[in-house]
Amino acid sequence: MAATVAQPDRRYAWKVTASSFLGNTLEYYDFLVYGTAAAVVFPQVFFPDSTGFVATLAAFGTFAVGFLARPLGGLFFGRRGDMHGRKSTLLVTLTVMGISTILIGLLPGYDTIGIWAPVLLVVLRLAQGFAVGGEWGGSMIIVLESAPPSRRGFFTAWPNTGGFSAQILITLSFAWVYTLPEADLLSWGWRVPFLLSAVILVVTFWMRRSLSETPVFNESVAPVAGEPGAKTGGGTIVSTFRDDWRSLLLILGLRFAEALPYFLLTVFALSYGNGTLGIERSTLNNAILVVSVLAFVSHGVFAAVSDRVGRRPVYFFGSVVVFVMAFPFFGLLHTGSFLLITLGYVLVLNLGHNAINAVQPAFFAELFPADRRYTGAAAGREIASILAGGLTPFIATALAGPDGTRWPLVAGYVMIGAVISMIAVWKAPETFRRDLRKTSTAPVTATEAAATGH
């Protein structure tokens with residue numbers, strides 16, 4: 001193994017960051033455009049024979065289905081990325097993810113092909129989720145391993161703003177869709193945001209083709225993978241669960257304070273606010289638009305702080321804010337006031353969620369050795385996605401009830417998730433000064449063990 005890794009080129013690091021930012025934008029765009037459509041359109045298009053409440057549950061159920069495939073995608077693509085490289089794997093995930101979304105936009109409704117409409121919707125949602133399972137981990141790791149060591153948190157935070165850049169695109173596109181007559185909205189209008197993902201797909205694929213493999217993979221992982229007797233892909237997965245199970249459990253706990261408020265405010269609240277409280281869709285969309293713009297500033301600030309003081313303090317701060325704001329957010333939402341609703345969104349997402357989201361890419365990836373980094377980070381995050389992310393709109397809708405009067409249960413649900421994350425942060429080691437070149441076969445020194453808590 002080479003003793004040193006070449007110093008990262010900052011211009012190239014920004015190029016990699018831009019590519020991953022676009023890829024993550026497409027990932028979140030694909031998933032969130034589905035969530036928005038599930039809240040607004042899918043009950044009528046794909047489940048017209050059900051009552052309003054049941055149809056909404058069914059639509060959010062298909063939203064959750066995509067998350068069921070994500071752990072499998074994380075394991076499959078994570079193994080491939082650790083064995084054959086980050087770049088080539090990301091080209092595959094990007095293609096599958098984009099094509100699945102475009103096909104959803106072309107899918108006939110229940111009135112045209114009957115039961116096959118929701119069946120095919122589920123199949124495409126599974127394909128979408130499978131690809132997304134490998135996209136996040138790879139896009140973050142390729143930035144992490146190409147960035148200056150002292151600014152890993154800062155560089156990896158920008159791709160993770162993809163959820164908010166995607167939200168801006170979705171909000172703008174659906175703002176136009178909402179102006180259409182009801183018949184046009186249900187027949188073809190809702191399809192336009194899905195088909196627009198083709199533009200992001202083409203641009204991102206073109207950028208990724210010009211990237212190089214990361215220095216860490218070339219100089220630390222590839223030589224190990226190529227040695228006689230090196231672990232196969234299956235061995236990499238087994239080793240991850242056998243040797244890194246503590247890190248996987250930590251990620252499960254860490255995700256609750258990030259995923260619950262995000263999907264609650266960007267998916268569930270659109271249905272609850274409009275259908276139960278009678279708030280105009282444009283009011284909620286504009287609040288999300290404001291938050292999405294501010295997210296770029298907050299991510300940069302929180303990530304820069306984490307490079308100086310560590311990942312754990314910033315992550316814990318965000319979890320506390322989510323806990324404190326769970327009940328006040330619903331109080332602000334019930335006022336129906338645009339300014340107060342926006343204030344609630346800013347406090348929960350920009351101050352709470354963004355502190356967590358900015359740190360998460362570096363924090364998760366730094367928990368694993370170089371030769372299991374893609375498998376561990378991707379699988380850990382996506383396994384957690386089932387409980388902490390995909391089921392959130394479904395659970396929140398069920399807890400709130402048909403008339404929405406049980407909303408305190410939803411707020412309590414978020415508070416419990418925040419407490420779980422705070423405990424996980426307390427148990428987690430600090431990672432911001434770890435050597436990314438370390439593989440699972442490299443001995444751990446006493447100094448490193450003391451510094452990381454292992």
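**Exercise 1.** Is the crossing in which helix 19 passes helix 20 left-handed or right-handed?

*Solution.* First, what we're working with: this is a predicted model, where local features need pLDDT of at least 70, side-chain atom pairs count only at pLDDT 80 or more, and totals for chains, interfaces and linings use all residues. Residues are numbered from 1 along each chain as its sequence is written, and side-chain values use heavy atoms, with hydrogens and water left out.

Now the crossing: helix 19 passes helix 20 in a right-handed one (the near helix is turned clockwise from the far one by less than a right angle).

**Exercise 2.** Work out which residues make the contact of helix 19 with helix 20, and their classes.

*Solution.* Step one: on the helix 19 side, grab Thr 392, Ile 395, Ala 396, Leu 399 and Ala 400 (contact means heavy atoms within 4.5 Å). Step two: helix 20 brings in Trp 407, Leu 409, Val 410 and Tyr 413. Step three: sorted by class, that's eight nonpolar, one polar and no charged residues (nonpolar: Ala, Val, Leu, Ile, Met, Phe, Trp, Tyr, Cys and Pro; charged: Asp, Glu, Lys and Arg; polar: the others, Gly among them).

**Exercise 3.** Find which elements have the lowest and the highest mean pLDDT.

*Solution.* Start with the chain: its mean pLDDT is 84, and 87% of its residues reach 70 or more (pLDDT is the predictor's confidence in each residue, from 0 to 100). Then go by element: helix 21 (residues 446-452) is lowest at 48, while helix 17 (residues 338-366) is highest at 96 (helices are DSSP runs of H or I, at least four residues, and are numbered from the N terminus). Finally, check residues 1-6: pLDDT there is below 50, and the stretch has 15 contacts in the model beyond near neighbours in sequence.

Key: Helix = DSSP H or I, 4+ residues; strand = E, 2+ residues; numbered from the N terminus.
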